[in-house]
Amino acid sequence: MMPTHVAIIMDGNGRWAQSRGLERQDGHKAGAHRVRAITEACIDHGIEVLTVYAFSTENWDRPAGEVGFLLDLIPERLQAERSTIFEHQVRVRVLGDIAPLPFADRIAIENIVRQTRNHDTLDLNIAFNYGGRAEIVRALRQLIEDGIAADDITEELVSTALYTAGQPDPDLLIRTGGECRSSNFLVWQSIYSEFYFTETLRPDFTRDEFEEALQDFGKRQRT
């Protein structure tokens, strides 16, 4: 059994860098390079959706230099992987509010989202400036703005107002780095997800490690 939607909290960049006497930015860069191998694995296994937690709403509290580096990193990596994205027909979607991003970064992200909107091999969701609770609040406000009466709001309607509207909920949620919590990630969507926690730090999370998580998922009895 293979999951349809895999979500990953790829944690541990800072600790990986610290253990090697490197800057935290070096850890973030090394971790970001792992996304390509995971994306290719998803394509090979016929997984339809991959969601990666790139930058949370809480990350703004980090040092300004680190925040600036992270804001630039995602559009930089998308540009670097552009040929792979188009070759494999990956559709890029962004979960979160990118309005606060620097103009050039925002335009770069918006461009690749627009240019890949008709791709159909894999949906790559990048959770950027994202928080699960904030997403739910945003969805409810949207329904109210649309004139939906409070008594008419249902779980199905809320789902249609989320960033992931039209996509299946994640079957498998993986977290690297040894922590065992979801950290405000896909709060609504992950209530029935299978969780897989590993001590492996994000930059060391290879395709082989990802395959182990898929194998573990395949052994579970889902109801």
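Predicted model: local features only at pLDDT ≥ 70, side-chain atom pairs only at ≥ 80, totals over all residues.
Residues are numbered from 1 along each chain as its sequence is written, and side-chain values use heavy atoms, with hydrogens and water left out.

Rolling a probe the size of a water molecule over the atoms shows where empty space is left. On a 1 Å grid over the protein atoms alone, a cavity is a set of points where a 1.4 Å probe fits but cannot get out, while a pocket is an open set with protein on both sides within 12 Å along at least five of seven lines; lining residues have an atom within 4 Å of a point. Grid points are joined across faces, edges and corners, and a volume is the space filled by probe spheres set on the points.

The largest pocket holds about 510 Å³ of space. Its lining comprises 22 residues, of which Ile9, Asp11, Asn59, Arg62 and Arg175 are the closest to the centre. Two or more lining residues come from each of helix H1 (13–19), helix H2 (24–32) and strand E2 (49–56), where helices (H or I, at least four residues) and strands (E, at least two) are DSSP runs numbered from the N terminus. E2 contributes the most to this lining, with four residues. By class, the lining of the largest pocket has six nonpolar, seven polar and nine charged residues; here Ala, Val, Leu, Ile, Met, Phe, Trp, Tyr, Cys and Pro count as nonpolar, Asp, Glu, Lys and Arg as charged, and the others, Gly among them, as polar.

The second largest pocket has a volume of about 180 Å³, and the residues that line it include Glu155, Asp169, Trp188, Tyr192 and Arg222. Its lining divides into four nonpolar, three polar and four charged residues.

Two cavities of 30 Å³ or more are counted.

H4 gives the largest share of its lining, three residues, and the lining comprises six nonpolar, two polar and one charged.
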